[in-house]
Amino acid sequence: MTTGTTAAAGALDAQEVSVVVNGKTLVHPASLQVAPGEMVALVGPNGAGKSTLLRTFYRAQRPTSGRVLLDGTDVWRMPGKRLAQQLAAVLQETAGDFELTVYDVVAMGRTPHKRAFAGDDADDRDIILRALEELHVDALAHAPFDQLSGGEKQRVLIARALAQRTGTMVLDEPTNHLDLRHQLDTLRLVRRLGATAVIALHDLNLAAAFCDRICVMDAGRVVATGTPVEVLTPALLSEVYRVEAEVTEHPRTGVPHVTVQASP
């Protein structure tokens, strides 16, 4: 079962986006074009600028220079409701716990599609229940959100984005708190939706397995963008991550598989 999307997959285009905060440059002019339906991983070490760049996509951080376009329109010139109907964001942390049930949190994803103060109709309820089932949190529907584990909360927030039914998704470390099964299930789900997706990931092997292209950042700069085969090389991993790594072809899938050489 899949909830699908309401909005068509969008074209996302970051054009020479830079972010300077308190005199410190967090992102140097960076460009990234994502085609409709394409799944792109944003990777790099801690502090590389991945989350900051993603924040400019969903208007949590205004670029100091450059712009982000969704289907040719600057996201900062779009009405907030229209943007929320087309783009959903899943963050790696929440500002605070919700004093709501799991069902209520997921239902928040329907807000952009309704008039002010309108209640959930039958279609809304069906979408919400399907999203809960997709992320395997339907058994928690009536549980208080603030009493969940970190992994459960993450799956609920992904379900909320799913219920939003947008054609474009921005996900910041969506697999961070998840066990192996739910990491795979989540990325399979995003892939199956057919939405345009930009996903910050630390696991390079997940990025290679699920994403069409990989954008590598280091020290606030985009240093490489291309297919997993083009980007995941021992030389680049040494330069960006400062580790010695072996890159082989996965025997079943044929995609690059990274093995870091551990020092004794």
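A charge sits over a ring if NZ of Lys or CZ of Arg is within 6 Å of the ring centre and within 35 degrees of the ring normal. This is a predicted model: local features need pLDDT of at least 70, side-chain atom pairs count only at pLDDT 80 or more, and totals for chains, interfaces and linings use all residues. Residues are numbered from 1 along each chain as its sequence is written, and side-chain values use heavy atoms, with hydrogens and water left out.

**Exercise 1. Find the charged ends that sit over the ring of W76.**

Solution. 
- Take R62. Its charged end sits over the W76 ring, 4.0 Å from the centre.
- Take R59. Its charged end also sits over the W76 ring, 5.7 Å from the centre.
- Look at the backbone of R59. This residue comes just after helix 1 and has a positive phi of about 70°. Helices (H or I, at least four residues) and strands (E, at least two) are DSSP runs, numbered from the N terminus.

**Exercise 2. Determine the strand order of the open six-stranded sheet, then its edges.**

Solution. 
- Read the order: 6-7-8-3-9-10, with mixed pairing. Two strands pair if DSSP finds at least two bridges between them.
- Locate the edges. Strand 6 (87–90) and strand 10 (221–226) each have a single partner strand, so one side of each lacks a neighbour in the sheet.
- Neighbouring strands are turned by 15° against each other on average, direction ignored.
- Strand 6 runs parallel to strand 7 (residues 168–172), joined by four bridges. A89 stands opposite V170 of strand 7.

**Exercise 3. Describe how helix 1 is placed and covered.**

Solution. 
- Start with contacts (heavy atoms within 4.5 Å). Helix 1 lies across strand 3 (39–43), strand 6, strand 7, strand 8 (196–200) and strand 9 (213–218).
- Give the angle: about 150° to strand 7. Axes are lines fitted to C-alpha atoms, for helices over the stretch in contact, and angles run from 0 to 180 degrees between N-to-C directions.
- Check burial (under 20% relative accessible area, 1.4 Å probe, protein chains only). In helix 1 (residues 50–57), six of the eight residues are buried. They are K50, T52, L53, L54, T56 and F57.

**Exercise 4. Trace the partners of strand 1.**

Solution. 
- Pair strand 1 (residues 12–21) with strand 2 (residues 24–34): antiparallel, seven bridges. L12 has V34 as its bridge partner.
- Examine the hairpin. Two residues lie between strand 1 and strand 2, and N22 in the turn has a positive phi of about 55°.
- Move to strand 4 (residues 65–70). Five bridges join it to strand 1, again antiparallel. Here S18 stands opposite S65.

Conventions:
Buried means under 20% relative accessible area, exposed over 50%, partly exposed in between (1.4 Å probe, protein chains only).
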